[in-house]
Amino acid sequence: MPIDPAFDANREVVDEHDDHDVWGPVDEPETLGIHGTHVAVDFDVCLADGACLQDCPVDVFEWVETPDHPVSERKADPANESQCIDCMLCVDVCPVDAIDVDPTRSRE
Ligand code: F3S
Ligand code: F3S
Ligand code: ZN
């Protein structure tokens with residue numbers, strides 16, 4: 001299932017990580033929620049393909065380890081979402097549609 005592009009209406013911020021919001025539900029280690037707001041990654045969808053890290057021209061993403069998550073043991077974290085220039089490459093290359101980028105959503 002791809003990331004819900006209306007997650008900011010359908011979910012609530014339950015935590016903060018590295019200066020970005022985490023949208024619940026979160027129930028570690030199985031359920032990790034969505035990280036980021038302007039650049040949002042659904043950690044429960046991401047399977048650690050890595051194309052987003054390779055292709056983002058401004059290095060928005062960094063790996064975070066997520067041991068014991070049922071889909072993958074690391075995730076692409078939008079650690080530098082404020083750097084995003086809205087090129088949309090990450091959205092295009094992710095094989096499982098784990099990323100949603102919306103220039104109208106606040107960056108942080
Ligand atoms: Fe990078 Fe994706 Fe923004 S590739 S510049 S995070 S739209
Ligand atoms: Fe994950 Fe998709 Fe990036 S699977 S590592 S968000 S390309
Ligand atoms: Zn994060």
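Student: How many nonpolar, polar and charged residues are in the lining of the largest cavity?
Tutor: There are 13 nonpolar, one polar and one charged. Bear in mind that this is a predicted model. The cavity has a volume of about 100 Å³, and of its 15 lining residues, Cys-46, Asp-49, Gly-50, Cys-52 and Cys-94 lie nearest the centre.

Student: What is the volume of the second largest cavity, and which residues lie nearest its centre?
Tutor: Its volume is about 70 Å³. The lining has 13 residues, with Cys-56, Val-60, Cys-84, Cys-87 and Cys-90 nearest the centre. By class, that lining has twelve nonpolar, no polar and one charged.

Student: What about the largest pocket, how big is its volume?
Tutor: It comes to about 260 Å³. Among its 16 lining residues, Glu-28, Leu-32, His-35, Phe-43 and Thr-66 are the closest to its centre. The lining divides into eight nonpolar, four polar and four charged residues. β1 (13–17) and β5 (62–65) each supply at least two of the lining residues, and β1 gives the largest share, four residues.

Student: How do you know whether the chain agrees with a compact globule?
Tutor: Set the value against the rule: with 108 residues, a compact globule would have a radius of gyration near 13 Å, and the chain has 12 Å, so the two agree. Along the principal axes, the C-alpha atoms fill a box of roughly 30 × 25 × 25 Å.

Student: Which elements make up the chain, and in what order do they run?
Tutor: You'll find three helices and seven strands. From the N terminus on, the order is α-β-β-β-β-α-β-β-α-β.

Student: Why is Asp-44 called partly exposed?
Tutor: Its relative accessible area is 23%. Buried means under 20% and exposed means over 50%, with partly exposed in between, so at 23% Asp-44 is partly exposed.

Student: Where does Asp-44 lie, and what does Asp-44 touch?
Tutor: Asp-44 is in the loop between β4 (39–42) and α2 (51–55). Leaving out residues up to four places away in sequence, Asp-44 touches Glu-30, Thr-31, Leu-32, Gly-33, His-69 and Val-71. Asp-44 and Val-71 are 27 residues apart along the chain, and their C-alpha atoms are separated by 7.0 Å.

Student: What makes Met-88 partly exposed?
Tutor: The relative accessible area of Met-88 is 24%. The cut-off for buried is under 20%, and for exposed it is over 50%, so Met-88, at 24%, counts as partly exposed. Met-88 lies in the loop between β6 (74–77) and α3 (89–93).

Student: With which residues is Met-88 in contact, leaving aside neighbours within four places in sequence?
Tutor: Those are Val-101 and Pro-103. What puts a pair on such a list is having heavy atoms within 4.5 Å.

Student: And how much of the chain counts as buried?
Tutor: Of the 108 residues, 41% do.

Methods: Residues are numbered from 1 along each chain as its sequence is written. Chains are lettered from A and ligands numbered from 1 in the order in which they are written. This is a predicted model: local features need pLDDT of at least 70, side-chain atom pairs count only at pLDDT 80 or more; totals for chains, interfaces and linings use all residues. Side-chain values use heavy atoms; hydrogens and water are left out. On a 1 Å grid over the protein atoms alone, a cavity is a set of points where a 1.4 Å probe fits but cannot get out, and a pocket is an open set with protein on both sides within 12 Å along at least five of seven lines; lining residues have an atom within 4 Å of a point. Grid points are joined across faces, edges and corners, and a volume is the space filled by probe spheres set on the points. Ala, Val, Leu, Ile, Met, Phe, Trp, Tyr, Cys and Pro count as nonpolar, Asp, Glu, Lys and Arg as charged, and the others, Gly among them, as polar. The radius of gyration is taken over C-alpha atoms; the globule rule is 2.2 Å times the number of residues to the power 0.38. Buried means under 20% relative accessible area, exposed over 50%, partly exposed in between (1.4 Å probe, protein chains only).
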